[in-house]
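Dear colleague,

I am handing over the structure we spoke about, and it is shown just below. Please keep it open while you read, since the notes that follow go through the contacts, the core and the charged pairs in turn.

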Amino acid sequence: MEKNINSEKKIELEGAHFSIIIPFSPAMVNPKLLFNLLKSAVDKAEKEIGVKYSIEQGRPLIKGLRDLIKEVKSIPREKT
């Protein structure tokens, strides 16, 4: 069974929430390009989280985000 993932995913860290929002891009139909877009967003989030939280506090959140993007499926549509 595949998981449906919203464009905005929230993960809780001691009462704080962090969202990654990625504008739609036609490149998202390519699984590798989608993964690269998500990875880039998580890398950016990791830097932002590192400013607000200690490494120990931020590590579970970053791990959760990285695990989440591994589960995202891109199903290309057939051209009509």
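Contact here means heavy atoms within 4.5 Å, and helices (H or I, at least four residues) and strands (E, at least two) are DSSP runs, numbered from the N terminus. Please bear in mind that this is a predicted model, in which local features need pLDDT of at least 70 and side-chain atom pairs count only at pLDDT 80 or more, while totals for chains, interfaces and linings use all residues. Residues are numbered from 1 along each chain as its sequence is written, and side-chain values use heavy atoms, with hydrogens and water left out.

The helix pair

The axes of helix α1 (residues 31-52) and helix α2 (residues 55-71) come within 10 Å and cross at roughly 175 degrees, where axes are lines fitted to C-alpha atoms, for helices over the stretch in contact, and angles run from 0 to 180 degrees between N-to-C directions. That crossing makes α1 roughly antiparallel to α2, a term that applies to angles over 145 degrees. On the α1 side the contact is made by F35, L38, K39, V42, D43, A45, E46 and I49, which meet G58, L61, I62, L65, R66 and I69 of α2. The residues of this contact divide into nine nonpolar, one polar and four charged, counting Ala, Val, Leu, Ile, Met, Phe, Trp, Tyr, Cys and Pro as nonpolar, Asp, Glu, Lys and Arg as charged, and the others, Gly among them, as polar.

The nonpolar core

A nonpolar core is a set of buried Ala, Val, Leu, Ile, Met, Phe, Trp, Tyr and Cys residues joined through side-chain atoms within 4.5 Å, with buried meaning under 20% relative accessible area, exposed over 50% and partly exposed in between (1.4 Å probe, protein chains only). The largest such core has 13 residues, and those with the most contacts inside it are F18, I20, V42, A45, I49, L61 and L65. Two or more residues each come from β2, α1 and α2, and the largest share, six residues, comes from α1.

The charged pairs

The structure holds four salt bridges, each being a side-chain nitrogen of Lys or Arg within 4 Å of a carboxyl oxygen of Asp or Glu. In one of them the side chains of R66 and D43 meet at 3.0 Å, N to O; R66 lies in helix α2 and D43 in helix α1, so the pair ties together parts that are 23 residues apart in sequence. R66 also forms a salt bridge with E46, the closest N and O atoms being 2.7 Å apart, and this pair ties together parts that are 20 residues apart in sequence, because E46 lies in α1 and R66 in α2. R66 is partly exposed at 25% relative accessible area, as are D43 at 26% and E46 at 36%. K39, D43, E46 and R66 are linked in a network of salt bridges.

K63 and D67 form a salt bridge as well (2.7 Å, N to O), and being four residues apart in helix α2, they are separated by about one helical turn.

M28 is found in the loop between β2 (16-21) and α1, and M28 is buried, with a relative accessible area of 16%. Not counting residues up to four places away in sequence, M28 touches I22, P23, L34, L37 and S74. M28 and S74 are 46 residues apart in sequence but 7.1 Å apart in space, C-alpha to C-alpha.

With best wishes

Notes. Parallel < 35°, antiparallel > 145°, perpendicular 65-115°, else oblique.
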